[in-house]
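Welcome, and please open your viewer with the selection panel at hand. We will go from stop to stop, picking a residue or an element each time and looking at what surrounds the selection.

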Amino acid sequence: MDKSRVLICSAWPYASGIPHLGNLVSSLLSGDVFARYYRLRGKDVVYVSGTDAHGTKIEFEARKLGITPLALATRTHESICAILEAFNIRFDNYTTTESETHKRFVRDIYLDMEKNGYIRTQLESRAYCRRCKRFLADRFISGTCPRCGSADALGDQCDSCGSILEPEELVSPTCSFCNESDIEFRETKHWYLDLPKLARPLTSYVRSRGFQGNVHLFTQQMIDDGLKPRAMTRDIDWGIPAPFEGAEGKVIYVWGEAALGYVSATIEHLGCDGRWKEFWFGDDVHQIYTIGKDNIPFHSLIFPGQLIASGRGYHLPDQIAATEYLNWIGGEGFSKTRGVGLYCDEALRMMGAELWRFYLLYNRPEARDVNFSWEELEKAVNGILISNVANLINRVLSFIQTHQEGTIADVPTDAEVVEQLEKAVAAYEKAVDEGFLGAALRGACDLAVFGNEYFQRKRPWATNDAAAVASAADLVKGIAILLLPYVPTFASAVLRVLRIDSPAWSDLDRRLGGTRVADDRVLLERIDVEVLREQVVAKPAATAAEPTTVSFADFSKLDLRVGVIREAEPVAGASRLYRLTVDLGTEARTCVAGIRGSYEAGELVGKSVVVVTNLERRTIRGIESEAMLLAAQGTPLALIGPERLVDPGTPVG
């Protein structure tokens, strides 16, 4: 890729809730890898996204919670920002569609589209729920898809076949607010983006980009079916007011303004002095969009159509890196309500973010849908990252530290190693440039397989082959640089041992001969998948709209007591677990608790907590856990205890 600037845009998470692991890998995490990679290559990179604060889904969830949509959007945005920080995802600007810059830009570009003749009005029938006394946004009408027959289609799109729909096309439509079918279609006026009028420039644009895989299939299908006008306004209260004359009381459709946020986020980051235009006009920029496959039509046709219709000459998307779906075990879709899958906040409480980054990117769904698998998690983390990659790194660095007085011999690199590195780097660059981040990572890990075989074959501990050790060190350096966009904390630590504090792509060609390595170890702790699996099995489903009640008789069966933690010891080989001794007054109980990421051992000793004493006992990591502590969910967890001093063993109820 020969452009000097790279703009990376990730799909905007909805403010209605916390992203799940599939959302994370398809957009936010993938974008972070691209940004880190192209910065290593010396490109001028800007990485933007934000929280999508508008739409009926936010209005719907806020109504259930008894708060305003703005309050929900603000709260969720803050939570997502904390998750991004925890996963080490570094945006240049992670904003929100509630920003004044965004609102102003959306208003202005729609007026440009209207002035240029690409906005038209139409009287039409729209879904109206008689029971709720409101017009229904497309995504809050569900029914059967008229194209493929899926029973889970929504009013704007069928995720099963990718068809973009209108609500009146659904068979047996149902209102998501009241779950009733008391829907009629009432006449209302809406403003449309005239996609048929844009068909010729859009077809030319798509042909010029040569999209591949799922992007080509979804986009070409829409073109072959004939582009149809797309409504850009909605009859709801929450959103950006439509700027057209006569559109009072209407807002811009959430997907009619979210993608425009890529432009407004760049303006917000770089200011209005003109530098933002370097990323949105001209040919010396390469734009990459990281999304899930359900968002392809909005990015390959509708968003480019808006930019063309503005008449401003915007640079159009170059690369749409759309993943297939990451589903839960057995192919089931993620659902907070049904307790299906893992969401980002939950995942962080179970395992370190660096390990999640590696697993998700190693198994990034690029050619087909991928199901989450405990077996694949163990294989990726314990088998590949730790037993293969980290093993090679620590073998080589430890040998230099203990057998060569910490200094790498200044000798030529073995031609065999040079050849393997050059082939691996070329394949890696090609894969990333084409959007196959998982394939690139797997190739880097395959280089470690060669490295372990090479080091074992050369047997420097027996032969004193300093050239082999120096060559292995160059190999370790190369692997660490290739891993840097994926597991930056781990890879940076390795490079610091090699005295490379500010790595660049050119360091791949830098020889390490004569370097005195730091006397540090870079260790990763193996995971216990069974412990992680048990945590997910025990995870309750989220509270539904009509919460299940528990009888007082059932609740009274729990024996809740105040306990005082007397001892706290880390469980060997488990990064999240403590073995606690809890004083209950008349006896002491052992408790294995997954709170190590939230508390230091020293601050736990002497702490009063609430303990469930009559749960069935469980064996975790060979330790029988005889009680369970109560804690408020969050990042970090917060143990629950009495607000003033109470004797251990005191009943709670």
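With which side chain does the side chain of Glu 324 make a polar contact? Before you select the pair, a word on the numbers: this is a predicted model, where local features need pLDDT of at least 70, side-chain atom pairs count only at pLDDT 80 or more, and totals for chains, interfaces and linings use all residues. Residues are numbered from 1 along each chain as its sequence is written, and side-chain values use heavy atoms, with hydrogens and water left out.

**Stop 1: Glu 324**

Now select Glu 324 and Asn 214: their side chains make the polar contact, at 2.8 Å (a pair of N or O atoms within 3.5 Å; within protein, one must be able to donate a hydrogen and the other to accept it, and residues adjacent in sequence count only if both atoms are side-chain atoms). Glu 324 sits in the loop between strands E14 (319-323) and E15 (326-327); helices (H or I, at least four residues) and strands (E, at least two) are DSSP runs, numbered from the N terminus. With a relative accessible area of 13%, Glu 324 is buried (under 20%; exposed is over 50%, partly exposed in between, with a 1.4 Å probe and protein chains only). Leaving aside neighbours within four places in sequence, the contacts of Glu 324 (heavy atoms within 4.5 Å) include Lys 293, Pro 365 and Arg 368.

**Stop 2: H16 and its partners**

Next, show helix H14 (residues 437-458) with helix H16 (residues 466-483): they pack at about 165°, with axes 10 Å apart. Axes are lines fitted to C-alpha atoms, for helices over the stretch in contact, and angles run from 0 to 180 degrees between N-to-C directions. H14 is therefore roughly antiparallel to H16 (over 145 degrees; under 35 is roughly parallel, 65 to 115 roughly perpendicular, the rest oblique). Among the contacting residues are Leu 441, Phe 450 and Tyr 454 of H14 and Val 469, Leu 475 and Ile 479 of H16.

**Stop 3: two positive phi angles**

Select Ser 172 in strand E8 (residues 171-175). Ser 172 is not a glycine, yet has a positive phi of about 55°, and counts as exposed at 56% relative accessibility.

Finish at Arg 499, in the loop between helices H17 (488-497) and H18 (529-537). Arg 499 has a positive phi of about 65°, although not a glycine, and is partly exposed at 45%.
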